[in-house]
Amino acid sequence: MDKLTKPVGFWLCATIMILGLIGCDRFVSTSGDAVERVSDGDTLVVKDTNGKNLTVRFACLDAPEIAHTNKEKQSKRTSDRNQFTWGVKAQQRVQQLVQQGGDRVTLNITDRDRYGRQIAEVRLKNGTFVQQVLLQEGLAKVYRPYLNKCPSKNLVQQAEAEAKEQRLGVWSDTKFVNPWEYRSLYKYKK
């Protein structure tokens, strides 16, 4: 029996060490949903625990738009350039946050929109509330029409108030058009 115990113990220890070195999260499920891509400053595509891709729209806020078509990307219109510049900054910040969180997020689904997207509060594994960060940095604005469906509405309103007071991000830009107004003015569908 002792002849068998030593080799089994050795290989068990070796396996544990190897998995630890290469990252056992590749073999064992980790918490949260895996982020497949950051679509823009307020939309993610995640792979849920069943392996299905879900489009998730951030609850509580609206981020500036990004250019989606070649025509939009080539637009010389000042309002487009301004909107898209802020939209790219918001998208890049979300990408940075997601990477810091190990490409995983925890969702608190609050609703579903007319396009079939899940509406959710999004947090990183360490508890960082993504919407709060975007609002604190002035990279999004609180979307008041749906604020009553936002469980963390006090947090997001406070974050926006701080950015506005400090004139951060879009709050520093006198030419910035609110994303919902921009879409309305230019018949842009979100």
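Predicted model: local features only at pLDDT ≥ 70, side-chain atom pairs only at ≥ 80, totals over all residues.
Colleague: What is the overall pattern along the chain?

Modeller: The order is α-β-β-β-β-α-α-β-β-α-β-α-α. That is 6 helices and 7 strands. Of the 190 residues in the protein chain, 43% are buried.

Colleague: What does Leu 134 touch?

Modeller: Leaving aside neighbours within four places in sequence, Leu 134 is in contact with Gly 41, Phe 58, Leu 61, Ala 90, Arg 93, Val 94, Leu 139 and Ala 140. Contact means heavy atoms within 4.5 Å.

Colleague: Arg 93 is on that list. Where does it sit, and is it buried or exposed?

Modeller: Arg 93 is in helix α3. It counts as buried, because its relative accessibility is 17%. Its side chain makes a polar contact of 2.4 Å with the side chain of Gln 96. A polar contact is a pair of N or O atoms within 3.5 Å; within protein, one must be able to donate a hydrogen and the other to accept it, and residues adjacent in sequence count only if both atoms are side-chain atoms. Not counting residues up to four places away, Arg 93 touches Gln 100, Val 133, Leu 134, Glu 137 and Leu 139.

Colleague: What span should α3 have?

Modeller: Its 23 residues should span 33 Å, and its end C-alpha atoms are 33 Å apart, which agrees. The expected span is 1.5 Å times one less than the number of residues. Gly 102 follows α3, with a positive phi near 75°.

Colleague: New topic. How many salt bridges are there?

Modeller: The whole structure has 9. A salt bridge is a side-chain nitrogen of Lys or Arg within 4 Å of a carboxyl oxygen of Asp or Glu. One of them joins Arg 57 and Asp 62 at 3.2 Å, N to O. Arg 57 is buried at 8%, and Asp 62 is buried at 0%.

Colleague: Which network do those two belong to?

Modeller: Salt bridges link Asp 42, Arg 57, Asp 62, Glu 65 and Arg 183 in a network.

Colleague: And what about Arg 77 and Asp 113?

Modeller: Arg 77 pairs with Asp 80 at 3.2 Å, N to O. Arg 77 is partly exposed at 41%, whereas Asp 80 is buried at 4%. Asp 113 meets Arg 117 at 2.5 Å, N to O. Asp 113 is buried at 18%, and Arg 117 is buried at 13%.

Colleague: How many aromatic pairs does the search find?

Modeller: It finds 3. Phe 84 and Tyr 182 are edge-to-face, 6.1 Å centre to centre with 75° between the planes. Rings of Phe, Tyr and Trp (its six-membered ring) pair if their centres lie within 6.5 Å; planes under 30 degrees apart count as stacked, over 60 as edge-to-face and the rest as tilted.

Colleague: Which parts does that pair tie together?

Modeller: Phe 84 lies in helix α3 and Tyr 182 in helix α6 (residues 179–185), so the pair ties together parts 98 residues apart in sequence. Both residues are buried.

Colleague: What about Tyr 143 and Trp 180?

Modeller: Their ring centres are 5.5 Å apart and their planes are at 55°, so that pair is tilted. Tyr 143 lies in the loop between β7 (141–142) and α5, and Trp 180 in helix α6. Trp 180 is partly exposed at 26%. Ring pairs link Tyr 143, Tyr 146 and Trp 180 into a cluster.

Definitions and conventions:
Residues numbered from 1 in each chain as written. Heavy atoms only, no water. Buried < 20%, exposed > 50% of the residue type's maximum accessible area, 1.4 Å probe, protein only. Helix = DSSP H or I, 4+ residues; strand = E, 2+ residues; numbered from the N terminus.
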